[in-house]
Amino acid sequence: MAFEPPRRLVRALGEAAPDGDGWLAKLPEVAERAVARRELAVERVQVPGGRSSLVVLVRTADGTPAVLKLAPRRARPESERAALAHWGGLGAVQLREGGGAREREEGVLLLERLRPDVSVRSLPEAKALLEAAGTLRRLWVEPPGSHRFETVAERTGRQAAAMRAGAVADDEVAPLVDAALAAREELLAAPPEQRLLHGTFRQSKVLAGDRMPWLAVGPDPVVGESAFDLARLVRDRVEDLVAQPSGASTTRRRVKRLAESLEVDQERLRGWALFRAVESGVRARRVGRERDAELLLEFASWL
């Protein structure tokens with residue numbers, strides 16, 4: 001079959017790397033080779049799919065449903081593979097590949113099939129936050145010894161540099177950027193723990209499964225404190241928050257509720273939520289997603 005990448009993926013990769021690295025052009029050939037090597041039967045490409053990978057619904061040689069995921073190097077798929085192997089299916093999707101070289105092409109992962117059209121986001125908001133938080137808690141484990149995962153300090157260091165550059169060119173966001181960068185410096189001065197984190201956790205990253213009701217997918221793993229991971233969940237459904245008159249007070253209550261339910265320091269959660277919202281807002285503005293930028297920066301101003 002033709003492995004045509006969904007438009008959502010093409011658009012997102014174009015924003016991330018306008019010059020590209022040829023990955024999209026090579027994608028059909030890579031997908032065909034991965035399918036043939038594993039003797040998979042292809043059902044369909046998942047649409048709209050993700051923003052950093054091609055997801056193909058397949059069946060293995062014995063008829064077991066599975067997912068074939070193909071991602072470019074910039075999406076750090078080998079880091080995802082290592083994190084999923086370390087979690088071993090506890091709270092996250094399981095790897096369905098062996099240890100041989102044949103099953104270990106760079107950027108190609110064979111995963112258990114969840115229910116791709118049923119995420120925690122489909123639940124009422126209060127229930128969705130509860131289930132998402134419970135799933136996230138299972139992922140916060142000690143990182144493997146001598147790990148090579150990126151740290152929160154390293155990842156946010158790159159982001160901070162881009163934020164500073166964006167603030168220079170945009171006086172409107174400069175005060176928020178200054179506040180976010182100051183919060184980062186304070187938070188990194190004395191991190192309370194070092195855990196393996198999902199890295200990009202939100203409600204849409206938690207799918208319904210068979211062996212467990214809800215399982216996380218699509219990690220961009222990082223090692224650091226739990227509050228950094230939880231911070232992205234704080235702004236889930238940001239468009240709904242901004243649309244309601246009580247958005248600011250609802251946001252502050254959400255920070256308090258999530259911090260208490262997962263035993264995370266409330267001020268540290270607020271600080272990381274601020275940093276991550278401003279970083280995402282500045283990045284959205286940089287690539288021309290002005291509506292997203294406005295939502296994120298307004299949300300950040302409430303923190």
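**Note on the predicted structure**

1. Val45 belongs to strand E1, which covers residues 41–45; helices (H or I, at least four residues) and strands (E, at least two) are DSSP runs numbered from the N terminus. The relative accessible area of Val45 is 12%, so Val45 is buried; buried stands for under 20% relative accessible area, exposed for over 50% and partly exposed for what lies in between, with a 1.4 Å probe and protein chains only. Glu4 is 41 residues from Val45 along the chain, and their C-alpha atoms are separated by 8.0 Å.

2. The model is predicted: local features need pLDDT of at least 70 and side-chain atom pairs count only at pLDDT 80 or more, while totals for chains, interfaces and linings use all residues. Residues are numbered from 1 along each chain as its sequence is written, and side-chain values use heavy atoms, with hydrogens and water left out.

3. On overall form, the secondary structure comprises eleven helices and nine strands. The C-alpha trace spans about 55 × 40 × 40 Å along its principal axes. The radius of gyration of the protein is 19 Å, which agrees with the value near 19 Å for a compact globule of 303 residues; the radius is taken over C-alpha atoms, and the globule rule is 2.2 Å times the number of residues to the power 0.38.

4. Of the contacts with a separation of 6 or more, 71% are between residues 24 or more positions apart; a contact means heavy atoms within 4.5 Å. The protein exposes about 14,200 Å², and 50% of this area comes from carbon and sulfur atoms. Accessible areas come from the Shrake-Rupley method with a 1.4 Å probe; for residues, only the protein chains shown count as cover.

5. Helix H7 (residues 226–234) is mostly covered, as nine of its nine residues are buried.

6. Arg237 has a positive phi of about 60° and sits in the loop between H7 and helix H8 (238–243). Arg237 counts as buried because its relative accessibility is 12%. Glu263, with phi near 55°, is in the loop between helix H9 (247–261) and helix H10 (266–286). Glu263 has a relative accessible area of 70% and is therefore exposed.

7. Ala183 is part of helix H6 (residues 174–189). With a relative accessible area of 13%, Ala183 is buried. Leaving aside residues up to four places away in sequence, Ala183 touches Gly271 and Leu274. Leu95 is 88 residues from Ala183 in sequence, and the C-alpha to C-alpha distance is 37 Å.

8. Arg257 is placed in helix H9. Its relative accessibility is 45%, so Arg257 counts as partly exposed. Arg257 and Leu130 are 127 residues apart in sequence, yet 9.8 Å apart in space, C-alpha to C-alpha.

9. The second largest pocket has a volume of about 260 Å³. Twelve residues line this pocket, and those closest to its centre are Trp23, Lys26, Ala71, Arg73 and Glu106. Helix H2 (residues 23–38) gives the most to the lining, with four residues. A pocket is an open set of points on a 1 Å grid over the protein atoms alone, where a 1.4 Å probe fits and protein lies on both sides within 12 Å along at least five of seven lines; lining residues have an atom within 4 Å of a point. Grid points are joined across faces, edges and corners, and the volume is the space filled by probe spheres set on them.

10. By class, the pocket lining holds five nonpolar, one polar and six charged residues. Ala, Val, Leu, Ile, Met, Phe, Trp, Tyr, Cys and Pro count as nonpolar, Asp, Glu, Lys and Arg as charged, and the others, Gly among them, as polar.
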